[in-house]
Structure formats: C-alpha cells, structure tokens
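Dear colleague,

I am handing over the structure we spoke about, and below it you will find notes on two parts of it. Please read them with the coordinates open beside you.

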Amino acid sequence: MTMAFPKTMLGAAWRRTACAAALAVLAICGVREIRAQSPGPPHVDVGLVSDQTAVRPGQTLWVGLQFQLPSGWHIYWINPGDSGEPPKIQWNLPPGFRAGDFLWPYPQRIEAPSIVDYGYANGVVLLAPITAPADLPQHGSVTLGGAVRYLVCREICVPAKANVQLVLPVAAHGGSAASSAASASNASVHALFEQTKQRVPQPAPAAWSARARSAGNEFILSLRIGKPAPQVQFFPLDADVIENSAPQDVRSTAAGIEIHLRKSDQLLKPIARMRGVVVLSGRGAYSVDAPVTQ
Amino acid sequence: MNAKRIGTITAAIVLFAAAAAFAARVGLAAPDFVATDSNGQSHHLADYHGKFVVLEWHNNSCPYTQKHYQSGNMENLQREWTARGVIWFTVISSAPGEQGYVTAAQENDYMRQIHAAPTAALLDPDGRLGRLYDAKTTPHMFVINPEGVLIYDGAIDDRPTTDVSDISGATNYVSQALTEAMAGKPVSVATTRPYGCSVKYSH
C-alpha cells in the first residue's frame, strides 16, 4: 500500500491512532468487546415539512421528508449503486389518507475504491403526495407521521431510524388559504420546496427521441438534445444494467449526444428499456425511458 | 534448478498473470489464488479442486455483516456447509487503518467469540484477492464448484437490509446454489447484486 500524499497520510495516521486507542480500551474492557460495536449514528435531522399550512378534504398536498446530514456523510438515491440502501418510510396516516411514491431529486456520484454509489451528500428532501379523504371533517387537525429507516454513510455505514410527524390544521374545502399570511418559516419551507422541485427530473422532451442500443460490452444512449451541454451524467434507475464505476464516454453527434455506458458484469440477459436520469449541466435533469435495440 | 521446475514456475506465473486479467465471471473458471489465513497457513484455490468452495467477504464492523453474525446466521451456514464437505473461506480485504481491518490474532479471537466456523479466514489487507474477484461489499459471496467454475456471485440473500428480522424469510442464494449444484441441477440464480458496506480497500 503506497501513501504518497500528506493529506492521506494525516487521515490514515489519525485512523491508526484512533484504532490503536480503541483497541486499548477494548483490551481493558475485556475480550468480549472485540466484537466491534457499531458506532452510534451521526447527528442527522430528519423531519416532515410542508409548504402548505393546512389540509383540505379531498386535497392532495406535497409533504417533504427532509434529511439534514453533518458534513461528509451521505444517504442514498432510489438506485443506491454498488452498495447502500435508499431511505424508506412506513407511513402512519389518519384513516382515509393515502400517500404516493416519493419524487427523488437527482443524486450525486459517490466514489469509493472500486465502487460507485448514487446518493445525497449533506442532505435532501424527498417529496411525497398525500391525499386527504373527501369526507375529512373540517375542523381540528391531523397528524401525518411515519417511521423512517435509512442508511447513512461516510467511509463506514450506520443504519438509523427516525419517527417523523407533521401536524396540520384542517381547513374548509374551498375556503381561503390559511397560508395567505406567509410566516417567515413558511417562506423558507416554500423556498426549500422550490429548490427541491428544480432537482426533481422532468420528463425528457419528446424531441429528444431517446434511444439506446446494445453494442458489445456497452450500451449507447442517443439523445437529440439540440446543442450539447458542457457536462452530461447518466444515473441508471435499474440496478445491474451498467457498470456504475466505469467512466461515461459522452460524444457529440449532429443533433445531440451519445452516451457510452459500460454494461454491468451482472447483466446476464438483454434488456428492453434503459431507464434513468440524464443531468445536463446548466439545463437540469430529465427522466429517460429509452427502448433498447439489440 | 532443472528445466521441468523452471517450466512449472513459468506456468504458475503465467497462470496467475492470466487469472489477474479476467474478472471473476459466473460460468468461467474462478480466478486462481494463493492466500494466507489467520493461522499463517497458505491456501491455493487449485488445491481444492474436487470440492465446493465458498468465498465470503467480511468486515466485522459493517452493519450488514453484523446482521448475519449477531443472528448466528453466517456461523450456522458455515457449520452446515463445511460439515457437507464445502470449503468456506472468510476473506477480509480491509486495508490497515480502515474499518474491518484485523490482525491474525484479532480475527482468531473474533471467530472464537462468535463461534464462527469457516474452514479458514484469509487475510487480504492489500486487497489483492478482493480486487481479483472484484469483491464490492461485505458480505459478497462467491461459490465455486468442484471443477473450479464460478457458479454464484452476489448477495448472500434476497433481503438487502441490516435488519436481523429479514433473515428468516429470505432466500439464501448461497445455500440455494450449493443445494442445486450438489443435486446436479443448474444454479437457478447465478448472479445477484451484492449488498453490504463497500469493501474498505486502500485508497
């Protein structure tokens, strides 16, 4: 193992000292402790937020499951990549309420030796639509809750849980919006929701004519995006289709781009569709669902 | 040194060089290796021709590994299958200073305390064996048949969580592959996405 860079040496030296100290403590505490207890989770703030201040019968409102992580830690996207697990919620809603699937903002690539994962460094808001029953009594308040399980990682991973809840008053159907008097905190949640929505992939324009073809050990995803973007990144929705750690070779064509994606070693059968998110720097993120010709 | 020995040594070097060039791939010969265990003994995969071999990538601090050890699941699998003649190697590829790195003495202590029962624990701190197999997570499981062909590569089971309660209802892919192969049947699920913490190779 070569260690050439001072920054790396400092990190490794710190870790060796920490490990040595930990082992000394374990030796004092007795051999049984060598079973290496998991470290406690880092301090993560998990909560439910909404940019609406009331719920109305029959209405669908958007609720955000917000994660705020300390620096250096990350959680995972819906396709976590080579390792990791996306966060999950078990909703605990009043009778008649229904929750839909999350909208996932586009992730970042998280690289470690020999693997690449997809996730969110420092935090994210996952947006879920919650629909109130039409016969919801128009008084009092409701509690929207959930039990969240997630994996938060740095170079090590810690499984964690959180119970979240949001209490909202019930307003009359069609009544004047209780949110008309925007409080300072509501304005900041509104800004958070706007930022988050910008990172949720839009459907790819039909003009893109997204197509993919299987070519030997790679897939080639063609997109007629018009003028090329300075940076293009593809995030697969399905696991085991592309080699996450392989670099993505993006080439310009007359009308757009071709993204060359190395096939995964675990891909055993042809696939009919290539699904994922294409992020064009400066232009946003788009969901792609392209037919694959063999 | 006589010509025959030179020929054998050359062949061995070529074998290892060739093996290093291939990723481990289900259906192909499993990459050959020589590795040292926590008792200082050397193990050469080719010496185990005629037996099934399981490789289990391991990190005792990873919550996914702990799921299978604190529940006794992995230890039971090790005992059950080694009793049926399977060679089971636990492999630790964590680099020094990284999570899961253990000295030989620490690994032996750990295995004694948790009643682990692999054939041996292979210590791979420079990550050579891990990279040869492209081991991505802990756990990441490989099954090699008596002809030396890799017949399973992937997750230990179909419940990719850290929750012990997910073990009893899960399909264990290692047991399934061994059971099918021992009965002369094709392995129905030969490759899956492995789940666990990333293997802590050196940077």
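In which sense, parallel or antiparallel, do strand β1 (residues 34–37) of chain B and β2(B) pair, and over how many bridges? Bearing in mind that this is a predicted model, the pairing of β1(B) with β2(B) is antiparallel and runs over three bridges. Within it, A35(B) stands opposite H43(B), which belongs to β2(B).

These two strands belong to an open sheet of seven strands in chain B, whose order is β2-β1-β5-β4-β3-β7-β8 and whose pairing is mixed. At its edges lie β2 (42–44) and β8 (150–154) of chain B, each of which pairs on one side only. On average, and with direction ignored, neighbouring strands of this sheet are turned by 30° against each other.

The other part concerns chain A, for which the domain assignment gives domain 1 (45–173 + 180–200) and domain 2 (203–293). Taken over C-alpha atoms, the centres of domain 1 of chain A and domain 2 of chain A are 28 Å apart, and the contact between them takes ten residues from domain 1 of chain A and ten residues from domain 2 of chain A. On the side of domain 1 of chain A that touches domain 2 of chain A, the elements that give two or more residues are β3 (74–81) and β7 (115–121) of chain A, and β7(A) gives the most, with three residues.

With best wishes

Technical notes:
Residues numbered from 1 in each chain as written. Chains lettered and ligands numbered in written order. Predicted model: local features only at pLDDT ≥ 70, side-chain atom pairs only at ≥ 80, totals over all residues. Domains from an automatic or database assignment. Contact = placed C-beta atoms within 7 Å. Helix = DSSP H or I, 4+ residues; strand = E, 2+ residues; numbered from the N terminus. Pairing = 2+ DSSP bridges. Axes fitted to C-alpha atoms, helices over the stretch in contact; angles between N-to-C directions.
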